[in-house]
Amino acid sequence: MATLLLDIVTTSSMLFIIAAGLMIILGVMKLINFAHGAFLTVGGYSAHVVTNAGFNAWLTIPAAAVVGFLLGIVVERVILRPLYDRPLDAILATWGLGIVIAQIITFIFGRGVQFAESPISGTTDLLSVGYSSWRLVLVVVALALGAALTALLYYTRFGLNARAVIMNENLARGLGIDSVRVRAVTFGLGAALACAAGALITPLLSIDPNMGLPWLVNSFMLVLVSGVAIPGLALASLLLGGAQVLVSTFVSPIIGGITIVVLAAVILRIRPGGLSRG
Amino acid sequence: MVDIASERAGRSLSSYWATAIVAALALAVVVAAPHFLGIYLTNVMIRALFLGVLALTVDLVWGYTGILTFGQSAFYGIGAYACALVFTHWGFGPGWFAAALVIAIVSAALVAWLVGLLSFYHGASPLYSSIMTLALPIVLVQIIFAGGTFTGSSSGLSGFPTYYWSLATWFVIAGALLVVVAAFAWLFVRGDFGRILIAIRENEDRCAYLGIPVSRIKTGLFVVCGAIGAVAGFGYAAFTDVVAPELAGFLLGTESLIWVALGGRATLIGPILGAIGIDVTSSYLSGSLPFLWKFIVGVAFVVVIILLPNGIASLVTGAWRRYKRHGKDGAAAHMHRETVTLVPAKGRGLEENLAADTSPIRIEALTCRYGSLTVLDGIEVEGRRGELLSIVGPNGAGKTTLMRCISNGSERSGGEVTIGGETIGRKSPQKIVALGVGRSFQNTSLFDSLTVGDCLRLARYRIDGARYFERSDKVALPEPALDILKATGLDRQLGLETRYLSHGMKRGLELAMVLATEPRVLLLDEPTAGLTKAERTAIGSVLTRLVEDYGLCVFLIEHDLDFVREISSRIVVLHQGKMLLDGSVEEVVSSDLVKAVYSGQETEAPA
Amino acid sequence: MSALLNGSSHSVLEVAGLTSGYDAAPVVRDVSFSIDPGEILVILGKNGMGKSTLLKTIMGFVRASSGTVALDGADITNGPPHLIARRAVAYTPQEYAIFQDLTVAENLRLGVESDDLLEDRMGDVEAAFPRIVERLRQRAGTLSGGEQKMLLLSRGLIARPKIMLIDEISEGLQPTMVAKMAEVLKATKQKNGVAVLLVEQNLPFALSVADRYAILKIGEIVARGDAAHADTAATLEEHLRI
């Protein structure tokens with residue numbers, strides 16, 4: 001029972017961390033980043049490079065974030081800027097980008113499975129069961145990430161400008177806000193979050209050129225169900241992640257794998273705006 | 001006249017013959033090809049030909065109709081698994097073969113129908129249907145995984161009995177399937193119905209307000225394309241004797257999008273070449289340069305999406321068009337050879353309005369709220385036969401919202417609207433068009449790449465239907481619509497794409513299209529915006545005729561109050577969502593209250 | 001008058017032969033005028049005559065097909081809106097003019113380039129509309145219609161602009177509020193020498209604040225003159241009657 005509860009909480013935390021970058025990009029840019037899975041992969045390989053070079057395993061996360069930010073800035077400028085008025089084509093272009101990134105990684109690292117050192121290993125005793133320490137760390141990270149993103153959006157000037165662009169882009173421009181720059185920085189930030197998330201999940205998974213792909217569709221569904229808001233994403237991760245754990249445990253892990261997709265399709269049919277909007 | 005008619009008949013016949021001849025030539029190539037190709041290439045080509053059929057269906061759904069589908073592979077998978085499951089578990093032979101094919105087609109059609117029902121409701125965002133098509137293959141693959149030994153789980157099924165014909169035979173089967181599907185698709189997209197698909201892609205909402213059942217058409221197309229995809233998958237499974245979950249997977253679904261995008265959306269031939277070219281090349285390079293090839297395809301895909309949205313085929317067709325245009329002046333270059341004639345419509349017609357005795361439109365206690373914001377509150381208006389009713393009021397008074405609440409049953413929050421004795425309930429726009437409501441829009445949002453003739457034919461779909469595989473050469477229009485076309489000179493521009501029309505002509509065409517739906521109530525939202533004085537006068541006299549000679553009831557939103565004064569029989573003044581006044585032109589013009597509202601001296605409308 | 005004395009090079013805003021619109025249809029046709037520092041010009045016209053489009057063209061939201069817009073002598077025609085705004089132009093549109101879901105304070109913050117300027121300039125808002133300063137933490141959407149207009153004007157003032165472009169600020173306001181708006185605009189113009197381009201339908205309000213007027217009809221300026229002139233009211237009445 002305790003294990004089940006911990007499974008639900010840690011799985012939800014993981015989903016939240018992984019989907020956050022996708023949500024930031026969709027929220028500000030109205031753009032669905034199908035390269036999100038590839039960005040997770042880039043984060044995983046960044047972690048591999050950092051620990052392979054002998055650096056402290058905790059450095060994997062900031063390193064991945066920096067790589068992601070730079071990658072995001074370049075991608076926004078080269079690929080996305082011409083596609084702002086063709087949102088469905090932007091989905092396809094980012095999907096193509098994902099293929100390209102996966103191939104580049106294969107050129108460099110080969111097809112095989114790689115590993116990165118974990119900052120913390122072993123188990124911790126909690127609620128009278130021994131549980132993976134790193135999964136528990138992820139719960140703390142998810143809470144911190146939620147708080148940090150809220151602070152960024154609600155207590156900084158960048159956050160205010162970004163929210164202004166989300167609500168009414170033309171009005172924001174008329175007040176002197178460079179919405180193009182806001183979008184570029186946002187995409188960089190979203191990519192940085194995705195890569196950092198990739199680094200954060202590597203201790204639990206093996207690293208391969210397509211490691212991010214299975215997460216893409218679930219993150220996408222969670223973000224849409226969330227109604228593109230931080231509390232909404234937390235709720236969606238908890239509800240759908242919880243359902244996934246329950247179905248996997250009591251029904252079948254295979255059916256568990258489609259729980260999020262099916263539930264999301266149903267929820268969005270009933271409430272097209274997701275959980276946050278009426 | 002006789003000459004023109006005979007030439008027309010000759011042309012429509014020749015388009016069949018041309019397609020048949022090309023198809024026959026293609027079939028001849030298909031029959032001959034295996035003798036010249038090596039065994040390996042033949043093998044690879046058979047697979048590519050089946051995938052070409054899949055690419056064709058993606059092109060119809062996405063390229064022509066604009067539904068971004070990630071899940072066409074699911075139908076391919078359903079077909080493949082129907083074949084494998086029946087032959088493995090139940091039996092094999094001609095009877096079982098036919099049964100399995102029927103099962104493949106029926107189950108794919110059923111799944112497509114269910115997905116269509118869920119995703120193509122009126123008001124669904126295009127993103128939602130994409131989500132559904134994304135979910136479909138993912139769910140299907142998991143079901144296959146969950147099927148244990150029955151479906152073979154992740155390793156799939158193989159070694160089931162099938163027809164071990166020679167490679168050449170299979171090549172001919174696959175090739176013939178592709179040629180036949182392509183030939184029908186070719187005729188289909190060039191027929192009347194194909195124009196409707198393009199119109200849905202360009203402006204779905206506008207189609208609904210012309211009475212076109214968009215959701216039904218999309219679902220129908222999805223079902224047919226799903227069934228065709230299943231046949232291709234079935235053929236592929238019967239040929240290779242192996243099925244695996246990847247055949248139904250999301251990756252094959254996205255790959256088929258890549259073929260279509262690279263080859264050229266909405267060209268049919270582009271996607272076929274894209275599928276065959278990419279699939280055959282990757283089979284060759286998968287040994288020597290597997291990653292490099294995928295890398296090249298990925299880069300090409302991104303570049304084509306950004307720089308050549310119409311695919312590599314557009315380089316060729318673009319050059320061809322420039323060549324054909326050489327030496328012609330601008331307008332003539334955009335003229336299509338249009339063989340359409342306009343004829344007066346028979347049947348019900350607008351004149352019937354004169355005989356009706358119920359009032360054409362009655363609005364009772366209509367309210368409309370968005371959250372806490374009340375946009376319309378307690379509107380009561382009755383529109384009588386042969387009446388031109390102008391709705392005036394400052395910006396934000398709720399005029400356009402009122403139009404919206406009349407023409408779409410799900411817009412209002414309370415009250416009822418009755419059209420010719422029938423309440424609109426929660427009806428969708430296209431059903432309200434059938435009740436006799438025609439609505440024109442504030443912005444001239446026509447269908448850019450369709451010709452004037454196509455647009456008019458589109459507007460007649462509700463009444464006259466559309467042919468699936470050919471172009472009808474006559475468009476029947478009610479008398480006043482013909483008058484407008486003549487007055488604006490549009491009747492001589494039937495072959496021109498609407499994006500090249502002047503603003504005034506677009507307004508004229510818009511009005512003619514709405515009249516073509518034979519409404520009894522006409523809702524016009526600023527029909528004279530951006531027009532010159534002369535054009536305004538022309539529109540004014542058309543409206544007067546519609547009201548006086550055809551007994552239409554016209555609701556007009558108009559900012560030009562001089563124009564309103566000249567042509568209205570009654571004026572309704574809206575202010576902050578409430579009705580301020582409903583009276584004759586003199587009453588409204590002389591009202592101090594109205595003056596005060598317009599000059600902004602009064603804030604609250606008296607209750 | 002002052003334009004003649006100082007030479008046109010001193011005008012804050014100079015619009016020459018401006019034509020713009022959507023699709024093929026021009027909404028603004030060959031419009032020219034100039035505004036000097038400390039001057040209020042009102043453009044009058046009924047709905048749909050192109051007034052809002054004129055302001056949007058100046059701000060760079062709608063593309064000008066011909067003609068020029070110059071700010072302090074520098075050409076800004078078809079420039080990106082955010083750069084035009086940063087040249088000390090405060091634009092207050094008519095519709096969706098404030099961020100309903102942001103607080104009053106956040107709306108004001110968006111009026112200045114950086115947050116530290118806000119505190120220095122809060123006095124400007126306090127002097128004009130004390131009620132706004134009392135409601136800084138409230139969500140802007142919960143303000144009454146009149147208060148929203150006060151917030152809108154406050155956001156313009158706090159930017160300390162050279163010129164304000166104001167689209168129908170009086171619409172839907174009670175007479176006392178309209179008078180308050182007029183008072184604030186006149187005070188600002190006198191104190192800081194701000195130029196104002198006002199777009200209006202409300203004749204009494206327009207004449208009470210403006211130095212000069214121009215009438216826009218189907219996109220063209222059909223009449224212009226001095227707001228203080230004796231015949232003005234009658235001329236305008238004739239042009240704007242219902």
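The points below treat helices and a residue of chain B, then a sheet and a residue of chain C.

1. The model is a predicted one. The remarks that follow should be read accordingly.

2. Helix H19 of chain B, residues 452-459, is largely enclosed by the rest of the structure, because eight of its eight residues are buried. These are B:Val452, B:Gly453, B:Asp454, B:Cys455, B:Leu456, B:Arg457, B:Leu458 and B:Ala459. In chain B, the elements against which they pack are helix H8 (192-202), helix H20 (461-464), strand S10 (474-477) and helix H22 (503-516).

3. Two further helices of chain B, H2 (residues 39-64) and H12 (residues 269-288), pack with their axes 7 Å apart and at an angle of about 140°. Their crossing is right-handed. From H2(B), the residues making the contact include B:Val44, B:Leu51, B:Gly52, B:Ala55 and B:Asp59, while H12(B) contributes, among them, B:Ile272, B:Gly274, B:Ala275, B:Asp279 and B:Ser283. By class, the contact residues comprise 13 nonpolar, four polar and three charged.

4. B:Glu255 belongs to helix H11 of chain B, residues 250-263. This glutamate is buried, since 23 other C-beta atoms lie within 10 Å. Between B:Glu255 and B:Ser568 there are 59 Å from C-alpha to C-alpha, for a sequence separation of 313 residues.

5. Chain C contains an open sheet of six strands, ordered S6-S7-S8-S3-S9-S10, with mixed pairing. On average, and with direction ignored, neighbouring strands are turned by 15° against each other.

6. Within that sheet, S6(C) and S7 of chain C (residues 163-167) run parallel and are joined by four bridges. C:Val89 stands opposite C:Ile163 of S7(C). Helix H2 of chain C, residues 51-59, packs on the sheet, where it touches S3 (40-44), S6, S7, S8 (195-200) and S9 (212-217), and its direction makes about 145° with that of S7(C).

7. Is C:Gly21 of chain C buried or exposed? This glycine, located in strand S1 (residues 13-22) of chain C, counts as buried because it has 20 C-beta neighbours inside 10 Å, and the criterion for burial is 20 or more. Leaving aside residues up to four places away in sequence, C:Gly21 touches C:Pro26, C:Val27, C:Val28 and C:Thr53. The C-alpha atoms of C:Gly21 and C:Leu54 are separated by 8.9 Å, the two residues being 33 apart along the chain.

Key: Residues numbered from 1 in each chain as written. Chains lettered and ligands numbered in written order. Predicted model: local features only at pLDDT ≥ 70, side-chain atom pairs only at ≥ 80, totals over all residues. Buried ≥ 20, exposed ≤ 12 C-beta atoms within 10 Å, placed from the backbone. Helix = DSSP H or I, 4+ residues; strand = E, 2+ residues; numbered from the N terminus. Contact = placed C-beta atoms within 7 Å. Axes fitted to C-alpha atoms, helices over the stretch in contact; angles between N-to-C directions. Left-handed = near helix turned anticlockwise from the far one by under 90°. Nonpolar A, V, L, I, M, F, W, Y, C, P; charged D, E, K, R; others polar. Pairing = 2+ DSSP bridges.
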